[in-house]
Amino acid sequence: MPVQRLNHAVLYVRDVERSVAFYREALGFEVVMGMRGAAFLQASGSANDHDLGLFEIGAQAAPSPAGRSAVGLYHLAWEVDTLEELERIAARLTEMGALVGASDHSTTKALYAKDPDGLEFEVSWLVPAALLTEETLRGRSRIRPLDLAAEKERYGAHTRGGVGVSTPA
């Protein structure tokens, strides 16, 4: 049986308490288990045991060179159900000074942000399979700036994203 989905990610961070506070405030994650120097967080709509593990390695830790001078993970991506939720998170990340970009990948509407250790992550909404058109599929070959107001007008603020793509119809 093939791999079905990503169950969780684990990050090394400088200060686990600071990182927990960030992910709680930015994305609404909740701690489901913790121990000295580690925390395991779950997204509010998740059925996973945990979605994110954080392990503290201390303030002396150097920034990750991944993508600059070493291979490594570029970012993690979490999916939201509606464009309204994507807009709410965009506002929250902006308030926190964490939002670093927003892109329209045609089939995916994406926000990019950095956590307190400079680790990048994405929050995205996927166009439901029933709403995909040939034009939308062709549009994946280019990246445009994200216009959330226009996307809400086109798809609806409360349309459940990813249906038939990342979640069953």
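Visitor: How many aromatic pairs does the structure hold?

Guide: Nine aromatic pairs. Rings of Phe, Tyr and Trp (for Trp, its six-membered ring) pair if their centres lie within 6.5 Å. By the way, this is a predicted model, where local features need pLDDT of at least 70, side-chain atom pairs count only at pLDDT 80 or more, and totals for chains, interfaces and linings use all residues. Residues are numbered from 1 along each chain as its sequence is written, and side-chain values use heavy atoms, with hydrogens and water left out.

Visitor: Why is the pair of F29 and W78 called edge-to-face?

Guide: Planes under 30 degrees apart count as stacked, over 60 as edge-to-face and the rest as tilted. The planes of F29 and W78 stand at 80°, with ring centres 5.3 Å apart, so the pair is edge-to-face.

Visitor: What makes this a link between distant parts of the chain?

Guide: F29 and W78 are 49 residues apart. F29 is in the loop between α1 (16–27) and β2 (30–35), while W78 is in strand β5 (residues 76–79). Those labels are DSSP runs numbered from the N terminus: helices (H or I, at least four residues) and strands (E, at least two). Ring pairs also link F22, Y23, F29, W78 and F121 into a cluster.

Visitor: How do you know whether F29 and W78 are buried or exposed?

Guide: Buried means under 20% relative accessible area, exposed over 50%, and partly exposed in between (1.4 Å probe, protein chains only). F29 has 2%, so F29 is buried. W78 has 16%, so W78 counts as buried too.

Visitor: And why does Y12 count as exposed?

Guide: Because Y12 has 61% relative accessibility, and exposed starts over 50%. Y12 lies in strand β1 (residues 9–13).

Visitor: Now D117. Where does D117 lie, and why does D117 count as buried?

Guide: D117 lies in the loop between β7 (108–114) and β8 (120–126). Its relative accessibility is 11%, so D117 counts as buried.

Visitor: What makes the link from D117 to R18 a polar contact?

Guide: A polar contact is a pair of N or O atoms within 3.5 Å; within protein, one must be able to donate a hydrogen and the other to accept it, and residues adjacent in sequence count only if both atoms are side-chain atoms. The side chains of D117 and R18 make theirs at 2.7 Å.

Visitor: How does the pair of H50 and D49 qualify as a polar contact?

Guide: The contact joins their side chains, at 3.0 Å. H50 is itself buried because its relative accessible area is 10%.
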